[in-house]
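Have the model open beside you as you read.

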Amino acid sequence: MRRRAAVALIALALALIFSAETDLSTRTTRACGSSTGATVAAVDAIVAGRIYRNELAGTEVSADLAHVNGASDLTSAAAAGDRAAALRAVRRVVFHHRWHIVRLRVLDLRGRLLADVGGPFVLAPVAGVLRSRGRTVGRFLMSVQDDVGEAKLIQRFIGDAAGFYVAGRLVAAWGANFPAREPTSASLALAGRRYLIARQAFSAFPSGRLDELQLVASPPPGLARSSCAMARAGAFGAVAVRFAQLATGLAHAYYGYAATVTLYTGALVFVRSGANQLASSGGVGPVSLPQSGSVTYRGRSWTVFSFAPMRAARVYVLAPPA
């Protein structure tokens with residue numbers, strides 16, 4: 001029921017923004033036409049890229065780096081070049097129930113591998129050094145996310161099925177039965193539906209390239225009549241709608257909600273009840289905001305998507321220029 005409600009709300013919000021010609025520019029701008037699908041796919045790829053980058057430098061990463069750097073048994077083992085002790089320390093860190101490290105690889109200063117514990121298909125390696133009494137005694141690579149976990153987040157936050165390929169071979173997927181060999185075409189037919197492929201490269205662990213493919217469903221035909229700027233804003237807005245559906249106690253968590261949407265999309269978010277601003281990820285915001293169309297803020301032009309997750313509030317998503 002929750003999933004169907006989310007899909008219905010996204011469809012309604014998209015229908016409203018693309019049918020509401022509230023700004024003169026949306027009446028006079030050329031329709032996006034055949035570029036609509038690629039426009040939406042580009043936004044989905046942006047969000048997937050930001051999900052990945054959060055695995056490289058998010059708050060969880062900072063906390064886990066502190067856990068590794070603060071492991072005295074690990075630094076002692078690295079300083080002594082003791083493989084058995086290093087393996088015990090790495091296992092303790094990786095399998096700790098209070099934090100989430102999916103793989104940890106430790107080397108001494110000569111580059112000898114002391115221990116490597118974790119899943120086989122991991123991405124977003126983060127490098128660090130081990131120090132004891134101010135002296136560097138070893139080096140490590142750490143990751144907080146595996147390939148399947150990343151694919152799950154992409155579907156959860158964006159709605160796209162995602163697959164990961166190494167050297168052309170499928171190593172992880174979520175949401176669809178991806179082919180065993182990496183497709184080279186711009187689209188893919190699965191279960192009687194054709195999807196656009198949004199493709200980008202991430203870093204594998206401990207090195208190398210990981211190709212991430214997203215399956216982006218064809219947008220409704222009516223969206224092609226809007227401008228590409230409005231189609232782009234709608235794609236950012238669809239992610240904001242998903243986050244609203246995922247939020248627990250949204251009415252009491254608007255600030256966290258706005259910050260989360262901005263973190264994963266780069267769009268600015270304002271939550272207002274009439275003239276009263278309930279939360280913002282972009283300062284005080286424009287004096288007034290249209291439900292759709294364009295607005296100038298901070299010397300830039302933004303395209304607006306909005307929806308009402310509940311009767312007392314409206315969420316305004318300001319999509320950045322392409």
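1. First, the ground rules. This is a predicted model, where local features need pLDDT of at least 70, side-chain atom pairs count only at pLDDT 80 or more, and totals for chains, interfaces and linings use all residues. Residues are numbered from 1 along each chain as its sequence is written, and side-chain values use heavy atoms, with hydrogens and water left out.

2. The disulfide. The structure holds one disulfide, a term used for a pair of cysteine sulfur atoms within 2.5 Å. The partners are cysteine 32 and cysteine 228, with an S to S distance of 2.0 Å. Their link is right-handed, with 90° about the S-S bond. This pair ties together distant parts of the chain, 196 residues apart: cysteine 32 sits in the loop between helix H2 (24-28) and helix H3 (36-57), and cysteine 228 belongs to helix H8 (residues 228-246). Helices (H or I, at least four residues) and strands (E, at least two) are DSSP runs, numbered from the N terminus.

3. Burial of the two cysteines. Cysteine 32 is buried, at a relative accessible area of 5%, whereas cysteine 228 is partly exposed, at 29%. Here buried means under 20% relative accessible area, exposed over 50%, and partly exposed in between (1.4 Å probe, protein chains only).

4. H7 against H8. The axes of helix H7 (residues 147-157) and H8 come within 9 Å and cross at roughly 100°, which makes H7 roughly perpendicular to H8. The axes are lines fitted to C-alpha atoms, for helices over the stretch in contact, and angles run from 0 to 180 degrees between N-to-C directions. Angles of 65 to 115 degrees count as roughly perpendicular. From H7, Gln155, Arg156 and Phe157 meet Val239, Arg242, Phe243 and Leu246 of H8, where contact means heavy atoms within 4.5 Å. The contact residues divide into four nonpolar, one polar and two charged; Ala, Val, Leu, Ile, Met, Phe, Trp, Tyr, Cys and Pro count as nonpolar, Asp, Glu, Lys and Arg as charged, and the others, Gly among them, as polar.

5. The buried face of H4. Which residues of helix H4 (residues 59-69) are buried? They are Val61, Asp64 and Val68. Seen down the axis of H4, these fall within an arc of 70°, so they line one face of the helix; the arc is that of the directions from the helix axis to the C-beta atoms. Their cover includes H3, helix H5 (72-80), helix H6 (83-94) and strand E1 (103-108), along with strand E3 (126-132) and strand E4 (135-143).

6. Aspartate 211. This residue, in strand E9 (residues 209-217), is buried, with a relative accessible area of 10%. Leaving aside neighbours within four places in sequence, aspartate 211 has contacts that include Tyr165, Glu182 and Gln200. Its C-alpha atom is separated by 8.2 Å from that of glycine 168, 43 residues apart along the chain.

7. Backbone details to look at. Most residues other than glycine have a negative phi, and most peptide bonds are trans. The peptide bond from phenylalanine 205 to proline 206 is cis, with omega near 0°, and proline 206 lies in the loop between strand E8 (193-203) and E9. Alanine 124, in the loop between strand E2 (113-118) and E3, has a positive phi near 55° and is buried, with a relative accessible area of 1%. Arginine 298 also has a positive phi, of about 55°, but is exposed, with a relative accessible area of 55%.

How values were computed
Parallel < 35°, antiparallel > 145°, perpendicular 65-115°, else oblique.
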